Amino acid sequence: MKEQELKDALNRIEISDEARGRILEKSKTVNNKKGDSFMKSKKKFAIIAAAVAFVLGVTAFAVKNNITSMYSISSSVPDYTELPEAQQLVKDVGYAVDMVEEFSNGYSFDEGGIRKNVIKSDDTVEEFKSLSMWYTNGENKVILSIDKYGSVTQDKGSELAARNGDVDIYEYSFINKIVPEDYVKSAEELAAEESGKLSFAYDGENHIVETNIKSVSWTKDDIRYSLMQMDGELSTNELIAMANELIDQN
């Protein structure tokens with residue numbers, strides 16, 4: 001309820017001025033907390049945008065089939081607070097995937113969301129849904145990103161790190177830089193962006209934040225998976241071990 005609406009409602013009932021003042025002050029406190037929480041969610045999902053950029057190829061993919069643009073939309077409010085069942089995922093995004101409630105290293109499912117994506121080429125437009133699942137272990141977090149799409153792309157900057165049966169696991173590290181919307185990239189930054197070592201995300205605030213991102217990715221049954229950690233404790237080998245746990249699900 002907006003502040004003026006609350007004032008109008010309080011004026012229509014018989015309460016003391018003191019009580020009316022306490023209620024209004026409490027309402028302001030709650031609304032401020034909601035605002036702070038919303039801004040934190042916005043910042044969190046601005047960082048997810050960098051993960052999406054890596055997974056779908058805004059900076060990491062070489063263009064093939066004349067792909068001209070890609071964008072992704074997700075809500076700041078999680079779609080899942082419990083690990084969804086396969087049947088629910090088929091209903092929500094059109095396919096079932098490999099997931100676990102908890103990894104052997106202690107990272108457990110926290111929340112997840114659905115992303116709506118569009119890839120445009122000269123003569124086609126592909127729309128598809130993806131998943132971003134957050135796993136936590138204390139203050140540390142890992143994002144499991146899952147995508148299924150038909151556009152032909154090619155990784156640039158990633159290296160083959162391991163193999164599980166016929167599944168190749170690639171490792172990739174880069175810096176994500178959150179910048180104001182009017183930020184001007186330097187020549188060095190443009191070169192790093194082209195090579196896949198630097199990714200940009202934009203917000204409306206006048207500050208710059210850099211985040212070191214480490215990830216591993218693989219494709220299984222035409223579904224692309226990525227495990228990513230931002231400024232975290234895990235090594236590449238530990239991320240590969242988590243990837244193997246998911247690959248070995250079926």
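Guide: Here is a conversation about the labels used for this model and the values behind them.

Guide: This is a predicted model, where local features need pLDDT of at least 70 and side-chain atom pairs count only at pLDDT 80 or more, while totals for chains, interfaces and linings use all residues. Residues are numbered from 1 along each chain as its sequence is written, and side-chain values use heavy atoms, with hydrogens and water left out.

Visitor: What is the mean pLDDT of the protein?

Guide: The mean is 75, and 67% of the residues reach 70 or more. The scale for pLDDT, the predictor's confidence in each residue, goes from 0 to 100. Over residues 1-16 the pLDDT is below 50.

Visitor: How many helices and strands are there?

Guide: The protein has 5 helices and 11 strands. Both are DSSP runs numbered from the N terminus: helices are H or I with at least four residues, strands are E with at least two.

Visitor: Why is Ser104 called exposed?

Guide: Exposed means over 50% relative accessible area, buried under 20%, and partly exposed in between (1.4 Å probe, protein chains only). Ser104 has 67% relative accessibility, so Ser104 counts as exposed. Ser104 sits in the loop between helix H3 (86-93) and strand S3 (108-121).

Visitor: What makes the link between the side chains of Ser104 and Glu245 a polar contact?

Guide: A polar contact is a pair of N or O atoms within 3.5 Å; within protein, one must be able to donate a hydrogen and the other to accept it, and residues adjacent in sequence count only if both atoms are side-chain atoms. The contact between these two side chains is given at 2.5 Å.

Visitor: Why is the pair of Phe103 and Tyr135 called edge-to-face?

Guide: Rings of Phe, Tyr and Trp (its six-membered ring) pair if their centres lie within 6.5 Å; planes under 30 degrees apart count as stacked, over 60 as edge-to-face and the rest as tilted. The centres of Phe103 and Tyr135 are 5.0 Å apart and their planes are at 65°, so the pair is edge-to-face. The pair links distant parts of the chain, 32 residues apart, with Tyr135 in strand S4 (residues 125-137).

Visitor: Are Phe103 and Tyr135 buried or exposed?

Guide: Phe103 is buried, with a relative accessible area of 2%. Tyr135 counts as buried too, at 0%. Together with Phe109, they form one aromatic cluster.

Visitor: And what makes Trp218 and Tyr225 a stacked pair?

Guide: Their ring centres are 5.4 Å apart and their planes are at 5°, so the pair is stacked. Trp218 counts as buried at 2% relative accessibility, and Tyr225 is buried at 3%.

Visitor: How do you know that S10 and S11 pair?

Guide: Two strands pair if DSSP finds at least two bridges between them. S10 and strand S11 (residues 223-230) have 8 bridges in the antiparallel sense, with Ser217 and Ser226 as bridge partners in one of them. These strands form a hairpin with 2 residues between them, and Asp221 in the turn has a positive phi of about 55°.

Visitor: Which strand is joined to S10 by 10 bridges?

Guide: Strand S8 (residues 167-180) is joined to strand S10 (residues 209-220), and the two run antiparallel. In S10, Ser215 is the bridge partner of Tyr172.

Definitions and conventions. Contact = heavy atoms within 4.5 Å.
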